[in-house]
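Subject: Structure for you to look at

Dear colleague,

Here is the structure you were to receive. My notes on it follow below.

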Amino acid sequence: MNRNKALIFDLGNVVFKISFDNAFRYWANAAKGDIKQIKDNYAFDEYYAHFEKNLITPDEFKNHLIEKLKINFEGDAFERGWNSIYEEVIPGVPELLAELKKSYRLVALTNTNIVHYPTWAAKYAKELEVFEQVFSSHIIGHRKPEPAAYQVVLDYLHKPPAHTWFFDDHLPNIVAAEKMGINAVLVTSFEKMLDDMKQRGITR
């Protein structure tokens, strides 16, 4: 048993698949616009970061997108498109997490926002039950790769960084975790993550 160790998981493209192309496509169809233009104009910028830390309102973020993407959102087109990014659970992940839970404490750390949160929390409710706690950036007020985001999780776990493993699909988040002394693994596919776990002795 390794209950003295904990595994920290990102959610998007680690537990379930997400694609922002779905949002761009929805917005283009709703606004009769050009999806390439929308995709080219979109940026994960300061407004996006502020939105994920709940520093600006959904309306402020939406108005920024209207200006940035040069389209207008009729009715609930923004919300519907924004929440269309969520796809299927990655095959094999639920079974892997259930097995890991027998030996490790499992928590999740995700960058998200007040509009996305209710959608994925409901859509993947069954799969998320495996985690004893899910830390969302818009609730804790910090987002990866900010050190404070990881520190919130470490404080909750009451474990030194060396006794934790972190799995995320974005390299900057991995680098930041490693700088704090957390063991970190870049997730590029389920198969590669599983292989990395075996190589590191997390699974057999």
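Lys53 and Glu146 are joined by a side-chain salt bridge, with N and O 2.8 Å apart. This brings together distant parts of the chain: Lys53 sits in the loop between α3 (46-52) and α4, Glu146 in the loop between α9 and α10, and 93 residues separate them. Lys53 is buried, at a relative accessible area of 19%. Glu146 has 25% relative accessibility and so counts as partly exposed. Please keep in mind that this is a predicted model.

The loop between α9 and α10 also holds Lys144, which makes a salt bridge to Asp10. The closest N and O atoms of Lys144 and Asp10 are 2.9 Å apart. This pair also links distant parts of the chain, since Asp10 lies in the loop between β1 and β2, and the two are 134 residues apart. Both Lys144 and Asp10 are buried.

Asp168 is in strand β6 and is buried, with a relative accessible area of 0%. Its side chain makes a polar contact of 2.8 Å with the side chain of Lys144. Leaving aside residues up to four places away in sequence, Asp168 touches Asp10, Val14, Lys144, Asn173, Ile174, Val185, Leu186 and Val187.

A further salt bridge stays inside one helix. The side chains of Asp59 and Lys62 meet with N and O 4.0 Å apart. Both residues lie in α4, three residues apart, which is about one turn of the helix. Residues three or four places apart in an α-helix point the same way, because there are 3.6 residues a turn. Lys62 is buried, with a relative accessible area of 16%. The count of salt bridges comes to 13.

**Backbone points to check**

Most residues other than glycine have a negative phi, and most peptide bonds are trans. Several places in this model depart from that pattern, and they are listed here with their locations.

- The peptide bond from Lys144 to Pro145 is cis, with omega near 10°. Pro145 is in the loop between α9 (137-140) and α10 (147-157).
- Asn13 is not a glycine, yet its phi is positive, about 65°. Asn13 lies in the loop between β1 and β2 (16-18), and at 29% relative accessibility it counts as partly exposed.
- Lys70, also a residue other than glycine, has a positive phi near 60°. Lys70 is in the loop between α4 (58-69) and α5 (77-82). With 62% relative accessibility, Lys70 counts as exposed.

**Helix α12**

Which residues of α12 are buried? In this helix, residues 190-199, they are Phe190, Met193, Asp196 and Met197. These residues cover an arc of only 125° around the axis, so they are on the same side of α12. Glu191 and Gln199, on the other side, are exposed.

What covers the buried residues of α12? The cover includes β1 (6-9), α6 (93-100), β6 (164-168) and β7 (183-186). Strand β6 is also where Asp168 is found. After α12 comes Gly201, with a positive phi near 80°.

**The chain as a whole**

The secondary structure amounts to twelve helices and seven strands. The radius of gyration is 18 Å, which agrees with the value near 17 Å that a compact globule of 204 residues would have. Taken along the principal axes, the C-alpha atoms fill a box of roughly 55 × 30 × 25 Å.

Of the 204 residues in the chain, 46% are buried. Among contacts with a separation of 6 or more, residues 24 or more positions apart account for 70%. The chain exposes about 10,100 Å², and carbon and sulfur atoms supply 51% of that area.

Regards

Note on methods
Residues are numbered from 1 along each chain as its sequence is written. Side-chain values use heavy atoms; hydrogens and water are left out. Buried means under 20% relative accessible area, exposed over 50%, partly exposed in between (1.4 Å probe, protein chains only). Helices (H or I, at least four residues) and strands (E, at least two) are DSSP runs, numbered from the N terminus. The arc is that of the directions from the helix axis to the C-beta atoms. Contact means heavy atoms within 4.5 Å. A polar contact is a pair of N or O atoms within 3.5 Å; within protein, one must be able to donate a hydrogen and the other to accept it, and residues adjacent in sequence count only if both atoms are side-chain atoms. The radius of gyration is taken over C-alpha atoms; the globule rule is 2.2 Å times the number of residues to the power 0.38. Accessible areas come from the Shrake-Rupley method with a 1.4 Å probe; for residues, only the protein chains shown count as cover.
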